[in-house]
Structures are given as C-alpha cells and as structure tokens.
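Hi everyone, thanks for coming.

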Protein chains: 2
Amino acid sequence: MEFSSKLLENAVNEMSQLPGIGKRTALRLVLHLLRQPEEQTLKLSKALENMRTQIKFCKSCHNISDVDLCEICANPHRNQELICVVEDVKDVMAIENTSSFRGLYHVLGGKISPMDGIGPHDLNVVSLVEKVKSGQVKELIFALSSTMEGDTTNFYIFKQIKDYNVLTSTIARGISVGDELEYADEITLGRSIINRIPFEASLKS
Amino acid sequence: MEFSSKLLENAVNEMSQLPGIGKRTALRLVLHLLRQPEEQTLKLSKALENMRTQIKFCKSCHNISDVDLCEICANPHRNQELICVVEDVKDVMAIENTSSFRGLYHVLGGKISPMDGIGPHDLNVVSLVEKVKSGQVKELIFALSSTMEGDTTNFYIFKQIKDYNVLTSTIARGISVGDELEYADEITLGRSIINRIPFEASLKS
C-alpha cells in the first residue's frame with residue numbers, strides 16, 4: 001500500500017498492530033477519524049494513553065482497577081470466604097453480568113499452556129495459594145474454560161491446596177439453556193447425563 | 001457491561017465509536033493493549049493524535065498530504081494535463097497501486113447524494129472547474145463508483161465544463177479479469193457487449 005502521507009501511514013501501521021485489524025481496516029478507521037471532528041481522535045488517543053499508563057491491578061484479586069483494592073474486594077457485603085478463580089478480566093465481567101455470584105474473584109491472568117510457553121509462574125497462582133493457606137477461604141470455584149489448558153491449570157492449583165481445609169468446585173458443564181439436544185456435542189451431552197442433578201434442585205435455579 | 005475501572009470503560013467507549021467496532025470488540029482490543037508493552041499504546045495514541053492534528057490536504061488535488069502540495073502534484077514527470085477525478089483518498093491509493101496512471105488526481109471528497117444531504121457545494125467541485133477553465137487540463141477521467149450517486153456527480157461536473165475545450169472519459173465498466181460470464185450481473189454484461197473494444201487493442205493491455 002502506498003501512502004501519500006507519512007502521518008497517515010504511521011497511524012495506519014500502529015492501528016493494524018491490533019488483533020484482527022488488517023491494513024485495509026486500519027485505513028478505513030483512520031480515514032473515518034479524519035472525517036470526524038478533531039476532538040474525537042484526541043479523546044480516543046487520550047483515553048488509550050491514560051488507560052495504559054494509569055490503570056492498576058487489584059493487589060488482592062489482580063482484577064483491573066483504578067485503585068489499589070478493587071471495588072469487589074473492598075465491598076463488605078460480598079462473601080469474603082468464597083473465591084471464584086478465573087483466567088481473565090473479561091471473565092469477571094461476564095460473571096458479574098449474571099448477578100448470581102456474591103463472592104470474590106481471583107484473576108490468574110491466563111492458563112498454563114506449555115505450547116505458548118506459559119507456566120504456573122507466569123500466572124497469579126502464588127497469591128491464591130497464600131490466601132488459602134491463611135485460612136480465610138472456605139471454597140474455591142474453578143471457572144476456567146473447559147479446555148486441556150484450563151483443566152491442567154485447575155489440577156495444578158488443586159494439588160497445591162488440597163492439604164488445606166478448603167472446598168473446591170468447578171462450574172457446571174452441560175447443555176446451554178435454550179440449546180437443542182441434537183446439536184450438542186457428544187462430550188458435553190455425555191457429561192450432562194453423568195453429572196445430572198435432582199429435578200427438584202433444577203426448579204430453583 | 002459493568003467495568004471495574006473508569007479508565008478501562010472510557011477507553012472501551014472511545015474505541016467503540018469507530019465504525020464496525022462494538023463494545024465487545026473494543027474491550028478485546030483494549031485488553032490486548034494492556035497485555036502489550038506500554039510503548040505500543042503510547043505509539044498508537046501519539047500516531048493518531050499527530051495524524052489528526054498535523055495532516056494537510058493538498059491545495060491542488062485535495063489528496064491527503066504532509067505538505068501543501070502533495071508528492072503527486074509536485075512531480076514534474078507526471079502528465080499535468082490529464083486529471084483523474086475520484087471520490088476519495090482511498091481511490092487515489094487504489095489507482096496508484098496499479099501503476100498504470102501517470103497523470104494527476106482530483107479528490108472530490110464524496111459524491112452528490114441528496115439522501116445523505118450531500119450537495120455539489122460540499123464537494124471540491126469549484127476548484128476542479130477552475131482548473132479546467134484555466135486551460136491547463138486536456139482530459140478529465142471520471143473514476144467514480146458506478147452508482148446512481150456516482151453517475152449524478154459525473155453528470156453535474158460534465159455540465160459545468162462541457163463548454164470548455166476539454167476531453168472527458170470514464171473508466172471502462174465490464175467483466176472483471178478472471179470472472180466467469182455466467183456469474184456476471186446483466187447490466188455489466190450488457191454494457192460490456194455494447195462497449196466492446198477491438199480485439200487487437202485488448203492484446204496490448
């Protein structure tokens with residue numbers, strides 16, 4: 001692609017570093033910004049800069065936060081003894097959107113994946129184990145994705161904490177609400193039969 | 001969507017103002033930036049800011065440029081008497097990539113579209129007519145998109161300049177190279193038969 005302006009070329013190149021954004025899309029986005037009032041671009045550029053330079057991670061749960069201890073960890077109305085272990089900040093947001101969990105979170109920052117060179121020491125595992133050791137936690141809920149890497153990570157953490165007095169659980173795997181059985185994959189369907197729940201219990205949720 | 005950080009929320013909101021980027025995609029992009037070194041975000045934010053505040057439009061052809069007269073207009077080796085009229089900066093880049101045009105451009109900045117409230121006075125038409133009046137132009141090539149709005153714009157400009165001594169042409173419409181006839185639309189196929197060219201001429205291009 002030939003550009004008539006270095007400034008344009010530079011903006012397109014930086015924009016196309018983002019995942020899923022190629023050169024053509026980047027050009028479209030940048031030309032859109034040029035047609036909009038100058039403030040819009042300045043607000044975008046400032047918001048990105050502030051976000052990257054000023055954002056903090058909660059010192060307890062490692063969630064993204066503007067302060068040292070995030071709103072969730074600092075909330076006295078939440079159950080401090082129940083911790084949901086998730087991979088990512090996005091997972092905290094997804095679970096918070098359901099309004100069905102009133103405990104705390106622990107964000108690992110990924111999952112163990114030897115193929116990508118990510119080992120346990122690249123994740124926030126130590127601080128989780130410390131929390132369990134200190135006796136303040138009654139139950140850990142593993143809410144990682146149901147993949148080989150997710151299972152490996154669950155098992156690694158489980159081994160570290162199994163000698164301490166803590167309950168562990170994983171979120172239920174089964175047929176999604178609204179899904180038709182014939183389109184479900186075999187593993188999910190099989191597991192949903194093995195891990196069936198009493199009918200009366202299902203009426204409550 | 002509930003955010004645990006105002007800084008994050010702000011960055012996601014600004015990012016999702018871009019066309020085709022919803023809140024979820026914006027969040028994915030912003031979280032990606034958080035995982036990358038700080039320089040990447042700062043370079044992106046600076047590149048956007050510089051682009052928007054410092055970019056110029058060529059005073060002759062209205063193409064995007066870093067200087068008052070763009071590289072193409074300032075190039076003495078290009079044919080100054082042949083002007084290709086295009087809608088947009090992207091079209092200049094597309095034609096330049098073919099390396100088959102050695103004249104100058106004139107960027108209208110859009111096309112006449114009463115539905116979108118765009119009239120001739122919102123476009124760079126006056127400066128084009130002035131160029132023709134001054135006698136420096138021998139031929140205008142209309143290279144607008146083949147839509148009702150494009151045709152209207154072509155015709156509007158044609159009416160303004162037809163009394164001056166200038167050739168006008170439009171780019172050829174026909175079956176794309178590599179396309180199969182059976183999949184071509186009827187209008188394109190019909191026009192390509194009416195506007196057929198001598199076989200010997202087709203061998204040269």
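Let me start with a term: a crossing is left-handed if the near helix is turned anticlockwise from the far one by less than a right angle, and right-handed if clockwise. With helices taken as DSSP runs of H or I, at least four residues, numbered from the N terminus, the crossing of H1(A) and H3(B) is left-handed.

Some housekeeping. This is a predicted model, where local features need pLDDT of at least 70 and side-chain atom pairs pLDDT 80 or more, while totals for chains, interfaces and linings use all residues. Residues are numbered from 1 along each chain, chains are lettered from A in the order written, and side-chain values use heavy atoms, without hydrogens or water.

Back to our helices. Contact means heavy atoms within 4.5 Å. Among the H1(A) residues meeting H3(B) are Leu7(A), Ala11(A) and Glu14(A).

Glu14(A) also forms a salt bridge with Lys43(B), at 3.9 Å, N to O; the term needs a side-chain nitrogen of Lys or Arg within 4 Å of a carboxyl oxygen of Asp or Glu. Between chain A and chain B, the count is two salt bridges.

And how many residues of chain A are in contact with chain B? The count is 52, against 51 residues of chain B. Thanks, everyone!

Note on methods
Helices (H or I, at least four residues) and strands (E, at least two) are DSSP runs, numbered from the N terminus.
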